[in-house]
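Dear colleague,

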Amino acid sequence: MIQAPLADQFPAYPHSWYLFCTAREIQRRPVSRSMLGGQFVAFRTASGRLVLMDGRCGHLGSDLGQGCVKGEAIQCPFHHWEYAADGQCSHIPAAADIPPWARQACYPVQERHGCIFFFNRPEALYPLPFFAGVGPDELAASRPFGTVLRCPWYMVGANAFDLQHFRAAHDRRLVGLPAVDCPAPFARRATARFAVAGDSLRDRVTRWAAGDEVEMSITDWCGNLMFATATFRRTTSYGLVATEPLATGGVWVRVIVFVRQSASWLGQLCRDVLRLEVRRWFIKKFLSADAPRLDGAHYNPHGLIEADRDLAEYFQWLAQVSHGTPNQEWRSTGLVPTLQPTAPA
Ligand code: FES
Ligand SMILES: [Fe+2]
């Protein structure tokens, strides 16, 4: 009997890091977004400090994204109250005293590869993760691409643990069985070897340029950040899948592709840009097998069979960690965590 959690055991929005916007968008002015059941604003102070706080002003609820940065604070467009980088109201033009409740909630925020990420709780449960065994400075990132899928958010990360779909949806043939482990209290990883078996031009080019076998490893953090590494004989591809559950019930899925960064600036300018475009195309094509199948899919815990055991265990794990409860058994795998997260700014 395969046990999987009921749908109501998943939170509307998992405790996690979310891709908010690009760094370029907040270069000149604050940016606010309605997401995850709230409104948030991101801005950079005059000294360059990155801030993300509640986007609705604590006074009468105006949108701080319509305001402007004043030195180390953000000014509300309605009555010009100002909030410092720690959320505390620092100036009210019409009053000498500032009421103690005049403070905006702030969130952990970090810039990486030109993207702004934030944790949707006052304290981050874990530092913004990255690929195992490499530092963020070693890789160059593509611009994100993405799509909106009409399915529950927790179906996206589940894809990596869905053994049946690998046999049916992708032109990769599984070589042996995948291994599943938990390298950190909020992370679950699936690793498997595949033969690049398809007859498409893409697969023929892949076999020629990269090799005919690939080891895919996908590390899932709380169901909304998935770090995928594809190690071929001659090269390694890196892709980050960042999801955002939408109020409409669907999920926005964005993908950032990475390559090893060249040492010289000329290499970074020419070679890396070209390699990123090529990888982006290949990964887009690979993922295009998943999008139409996931779009419109629904979660059915009673429909799982023995062949879905990894999938059911993933859902059990996710129902726990997505509420912010660490997986106590992660150490029992005997693995030393290989991830090298960097501390939040
Ligand atoms: S609503 Fe923001 S200052 Fe009044
Ligand atoms: Fe897939």
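**Helices α3 and α4**

In this predicted model, helix α3 (residues 201-209) and helix α4 (residues 265-287) have axes that come within 11 Å and cross at roughly 130°. An angle over 145 degrees would count as roughly antiparallel, and one of 65 to 115 as roughly perpendicular; α3 and α4 are therefore oblique to each other. The crossing in which α3 passes α4 is left-handed.

The residues that meet are R202, V205 and T206 on the α3 side, and W281, F282, K285 and F286 on the α4 side. Sorted by class, this contact of α3 with α4 has 4 nonpolar residues, 1 polar residue and 2 charged residues.

**The two domains**

The chain is divided into domain 1, spanning 17-119, and domain 2, spanning 136-333. Taken over C-alpha atoms, the centres of domain 1 and domain 2 are separated by 33 Å.

Where the domains meet, 10 residues of domain 1 are in contact with 15 residues of domain 2. The size of an interface is often given as the accessible area lost when the parts come together. Between them, domain 1 and domain 2 bury about 1000 Å², and 66% of this lies on carbon and sulfur atoms. On the domain 1 side, the residues that lose the most area to domain 2 are Y18, L19 and H113, which together make up 49% of what that side buries.

With kind regards

How values were computed:
Residues numbered from 1 in each chain as written. Chains lettered and ligands numbered in written order. Predicted model: local features only at pLDDT ≥ 70, side-chain atom pairs only at ≥ 80, totals over all residues. Heavy atoms only, no water. Axes fitted to C-alpha atoms, helices over the stretch in contact; angles between N-to-C directions. Helix = DSSP H or I, 4+ residues; strand = E, 2+ residues; numbered from the N terminus. Parallel < 35°, antiparallel > 145°, perpendicular 65-115°, else oblique. Left-handed = near helix turned anticlockwise from the far one by under 90°. Contact = heavy atoms within 4.5 Å. Nonpolar A, V, L, I, M, F, W, Y, C, P; charged D, E, K, R; others polar. Domains from an automatic or database assignment. Buried area = accessible area lost by both parts, 1.4 Å probe.
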